[in-house]
Amino acid sequence: MTDVVKCPKCSMENVYFDGTSNVCPDCFYEWSGDETANNTVVKDSNGTELQDGDAVTVIKDLKVKGSSMVI
Ligand SMILES: [Zn+2]
């Protein structure tokens, strides 16, 4: 990843970090911008299990035997 800091005012890329804040030498704009946000997404695991005893609809397939012999 290329971490290019642009000036929010003049959008120049000559921004250097002063130690405490970002300084744009073009328009002399200073701002403290640390946009590195560590968003930690915590996933919760829902262990939903299907239990026996629920209403199970059993569909029976009717097999049709068709034995037709042609001589
Ligand atoms: Zn600037």
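Analyst: Donors are N, O and S atoms within 2.8 Å of the metal (3.2 Å for Na, K and Ca); water is not among the atoms, so sites may look incomplete. The model is predicted, so local features require pLDDT of at least 70 and side-chain atom pairs count only at pLDDT 80 or more, while totals for chains, interfaces and linings use all residues. Residues are numbered from 1 along each chain as its sequence is written, and side-chain values use heavy atoms, with hydrogens and water left out.

Along the chain, the donors of the zinc ion follow the spacing C-x2-C-x13-C-x2-C. The coordinating atoms are the SG atoms of Cys 7, Cys 10, Cys 24 and Cys 27, at 2.2 to 2.3 Å from the zinc ion. The four donor atoms subtend angles of 105 to 113° around the zinc ion, which makes the arrangement tetrahedral; four donors count as tetrahedral if all angles lie between 85 and 135 degrees. The structure holds zero disulfides, a disulfide being a pair of cysteine sulfur atoms within 2.5 Å.

Cys 7 is buried, with a relative accessible area of 3%, whereas Cys 10 is partly exposed at 28%. Of the 71 residues in the chain, 10% are buried. The chain exposes about 7,600 Å², of which carbon and sulfur atoms supply 50%; accessible areas come from the Shrake-Rupley method with a 1.4 Å probe.

As to secondary structure, the chain has zero helices and three strands, in the pattern β-β-β along the sequence. Helices (H or I, at least four residues) and strands (E, at least two) are DSSP runs, numbered from the N terminus. The three strands form an open sheet in the order E1-E2-E3, with antiparallel pairing. Strand E1 (16-17) and strand E3 (29-31) stand at the edges with a single partner strand each, so one side of each is left without a neighbour in the sheet. Two strands pair if DSSP finds at least two bridges between them; E1 and strand E2 (residues 22-24) pair in the antiparallel sense over two bridges. Asn 22 in E2 is the bridge partner of Phe 17.

Definitions and conventions
Four donors count as tetrahedral if all angles lie between 85 and 135 degrees; four count as square planar and six as octahedral if opposite donors are over 155 degrees apart and all others between 65 and 115; anything else is irregular. Buried means under 20% relative accessible area, exposed over 50%, partly exposed in between (1.4 Å probe, protein chains only).
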